[in-house]
Amino acid sequence: MSDSPAPSIVFETRGVTKVYHMGEVSVHALRGVDIQLLEGELIVLLGRSGSGKSTLLNILGGLDVPTDGEVFYRDRAMSRFSEAELTRYRRNHVGFVFQFYNLIPSLTARENVALVTEIAPNPMNPADALELVGLGGRLDHFPSQLSGGEQQRVAIARAIAKRPDVLLCDEPTGALDLNTGARVLEALESVNRELGTTTAVITHNAVIADMAHRVIRVSDGQIESVETNTTRRSASDLIW
Amino acid sequence: MRALNRKLLRDLSHMKGQAVAIAAVIGCGLAVFIGARTTLYSLKSARATYYDRSRFADVFTGLNRAPEAIARRAAEIPGVAAVDSRVVEGVTLDIPGLDEPAVGKLVSLPDRGEPNLNLPYLKSGRFPDPNRGGEVLAEEAFVSAHGFRPGDSFEAVLNGRLQTLTITGVGLSPEYLTTIQPGSLFPDDKRFGIFWMPRRQLASAFTMEGAFNDLTLSLMPGANEAEVIRRLDRLLAPHGGLGANGRDQHLSHRFISDELAQLRIMSLVPPSIFLGVAAFLLSVAIRRLLSLQREQIAALKAFGYANREIALHYAGYAIAIVALGTLLGFALGAFMGKSMTAMYAAFYRFPNAGYRPDFATFVLGAALSFAIGIAGVAAGVRQAVRIPPAEAMRPEPPPVYRPSLVERLGWHRWLAQAPRMILRELSRRPLKAALTAVGIAFSCAILVVGNFGKDAIDYLVAVQFGIQERQDATVTFHDARPVRALEDLRHLRGVTRAEPFRAVPVRVRNGQYSRQTAVRGLGPERDLYRLIDTRERVVDLPGAGVLLSAQLAKILHVDPGDTVEIEVLEGERPTRRVPVGALVEDFSGIAAYMDLAELNALMREGPSISGAYLAVTADKAGGVFRELKRAPAVAGVSLQKVAIEAFLDTFAENLLQMRLFNVAFACVIAFGVVYNSARVSLSERGRELATLRVIGFTRAETSAILLGELGFLTLVAIPLGFAIGYGLCRFIALAMETEMYRIPFRLDDSTFAFAAVTVIVAAIVSGLIVRRGIDRLDLVAVLKSRE
């Protein structure tokens, strides 16, 4: 990215705070977060569990709204989106990958992907998307017939099949062992590289940070640091 | 097919047991709705067509005798469209193979052309020839009861002269959809028949040439019926008019109208119960599905599915189940309607009683069940869809448990661990537990209601023929006879007791309220025919005054101690004010009773009687009846008890069929509720139960926790079901009460026992099916998967 002209800003947050009220207790999940995500960037949000990184990702993905502060998606103020606009935004621009895959157990791999391509404006063929994550041979398997890593790759295929502008991944390897985790990260990396999709990965695993363009450390609802990796490791070279 | 629809189909096939159980409940509700309503529609349209084509009259009256010119004057009453004057006479029939005399009603047919009103429908054979003596057209019921065919003949006593009557054809009449003798509870087709005879023949036998004794009228649209009746009564009073009535008091019309009213209730009450239960089951099943798929909903939202699309998707489950139930209801309802219509057609004789299902009922039924389905799931779906996606992504918070009431009261020391878990589960969601119990209770209630009809009829027969009418036969004379006629009866070999009665047609009036009926005068010794009050105690006749049926008192708005005006409709036609002594409970009709001597005094006549109640030794009954057949004064002998038993035998099969329907329906509800609750609990608590198995609970102990909850609810539901069933029967008895019938409110212990046992068996069977699910719990998988 260093040799190209200044990339445009995909997301920008200004003073985003989020407070959950759980019964009589108020939980401050985010306390004034200011970050920018750039076009085509692979960014890793690093932090311990409970640090607020998932909340931040949910807000960027239009699944949640901040209590205070501003969020811009390509200069549009998301904090003022109506529910219908948020739905349209998720539908047309965002790909989600969740820690627990969230596949529909009653649908095959291909059908899980089709669930998304059917409502997207310019989708890939579901089979192509699965081919891209190395599951071309398991199109008609149900989630219960796939390993955890394979399920997560189906989830990635499902997320990229709509050709999203941004790919948001919440602990994508959290439920996987090392080897399978590495394969999933390779899939994410290749999507970022080949499709140029802006990708944000949440993790508590510092090793994964090595594959990012930039690493944002989150702690106690605040941004602790933002580092640019001068030398990136490819996912297959990560040292666990 | 879209992926989301594929998901719907696969999820449905995963929960097919529940889906089918709920669809079955909807199907049953819809079946009763459609069955009853299409039957109602078929009968109503058959009746309307029949009435229309046969020109069924609007106003009916009997009289002593009037010249034909009077009929023409009746036609001039404003509002009258057509009149038809006839000669109608009662005769005694001697039917081969029947010891006792049968009663025939001869109705005249014009010698030329067809009647202006009440055209008989020729079913087979031909109309009688006015030029040939002794030919009659016979009403179908009597013909079938005796297996007669056109060409057969029998003997009858016409005006004291024995004559042979030959059946030329079989007919039906809108006046006799069912042939019930006035004063009877049930039809007795063997001993009562209708015959049409050419007017010339009939008039000459009864010396009624140029005269008539029966007049029917049709009215112009918008005519004032009450006013026409008033004028007609005034016109006919000098000729022994017996008081005219509209269709609403016409025996056959009223009988079928009452029946249709009862069908209407049937089309409303049970379906409401079924569909209510179905809505509850759907709501429980869908809520569980939504909670299981909480994260799938979140994922769908994250992908950009709009709330509306997700809501429609989940509503789709309900729609699919309702659609299945609706198809089931259509098929079962059409079958029920067809067999019910056939059952009614066997009783009410229409020339055209086919099953004509109306499209509108099916559309309405489908709309109803879909509305119920949507109502059942709307709240759950709305709630689930509204959860913000980020929140739905997190697992549901663990349910809040609290010590149950029993524990808070400190009684738990007596409770083992398992009952404690059951109690806490119940008190955690009391509304769901209560609704489950109510659902089971309704199945119990349906069983109680299902047997209510039988209990009521048993009781009616027991009271009416065990306590009230204990005579073996009732003899009726053509006209009032001197008291010594009683002695003749007493002297018949085999007669052990004879009690006289006098019956006088009257109109009883209290201000604006009036009814036409007969006052029955009873002698001082009343061992055979007794009157009883609401508590089955024998009531004595007041020295002076009249006893009224509770029903009649209600119509007239009088209480004991009030006075009513009695207008006699025969003889010198005196009118008197008489105090109301007490009220008697009878199940049918609107009777009035007086002391025989008092009644004769009111009539300003010497001691005379209209007939007698007889006790006859069984082995000599045949001889007694044969004697009576030959006695010219005897108009008829009725054996009500025998008739009712025959009637009940004929209908036993239908009653049994209805009972089977009820049992099947109740089982469907009980099974649907118990099975669904158990499935949902198993799915909600699979983890907990698997944990118990892992830490060493046996299968039986684990099942006990899940099924114990349902067992407890079933036991609570049974008394509740008794109470609901009791209330429903009470409501039905009241709703179905008509002037002709009062349905006694009586439920036997065996009915409650049967309901309880059936519900328990249905619960056990569904429990056992779900238990197989508990036995198959995959312990490792359940513990590994995250909540």
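Reply: Start with strand pairing: two strands pair if DSSP finds at least two bridges between them. The model here is predicted. In chain B, strand β1 (residues 59-67) and strand β10 (residues 211-219) run antiparallel and are joined by 6 bridges. One bridge links B:F60 to B:T216 of β10(B).

Me: What is the strand order of the open sheet of chain B?

Reply: The order is β2-β10-β1-β11, an open sheet of 4 strands with antiparallel pairing. Its edge strands are β2 (80-86) and β11 (245-246) of chain B, each of which pairs on one side only.

Me: Which strands of the sheet does helix α3 of chain B touch, and which does helix α6 of chain B touch?

Reply: Helix α3 (residues 68-75) packs on the sheet and touches β1, β2 and β10 of chain B. The direction of α3 makes about 165° with that of β2(B). Helix α6 (residues 225-236) also packs on the sheet, touching β1, β2, β10 and β11 of chain B. For α6, the angle with the direction of β1(B) is about 15°.

Me: Now helix against helix. At roughly what angle do the axes of α7 and α9 of chain B cross?

Reply: The axes of α7 (residues 251-292) and α9 (residues 307-347) cross at roughly 145° and come within 11 Å. The crossing of α7(B) and α9(B) is right-handed. On the α7(B) side the contact is made by B:L282, B:I286, B:L289 and B:L290, and on the α9(B) side by B:Y314, B:Y317, B:A318 and B:I321. By class, this contact has 8 nonpolar, no polar and no charged residues.

Me: How many residues of chain B are in contact with chain A?

Reply: There are 19 residues of chain B in contact with 19 residues of chain A. On the chain B side, α1 (3-14), α8 (294-302) and α11 (389-393) each supply at least two residues. The most come from α1(B), with 7 residues. By class, the chain B side divides into 10 nonpolar, 3 polar and 6 charged residues.

Key: Residues numbered from 1 in each chain as written. Chains lettered and ligands numbered in written order. Predicted model: local features only at pLDDT ≥ 70, side-chain atom pairs only at ≥ 80, totals over all residues. Contact = placed C-beta atoms within 7 Å. Axes fitted to C-alpha atoms, helices over the stretch in contact; angles between N-to-C directions. Left-handed = near helix turned anticlockwise from the far one by under 90°. Nonpolar A, V, L, I, M, F, W, Y, C, P; charged D, E, K, R; others polar.
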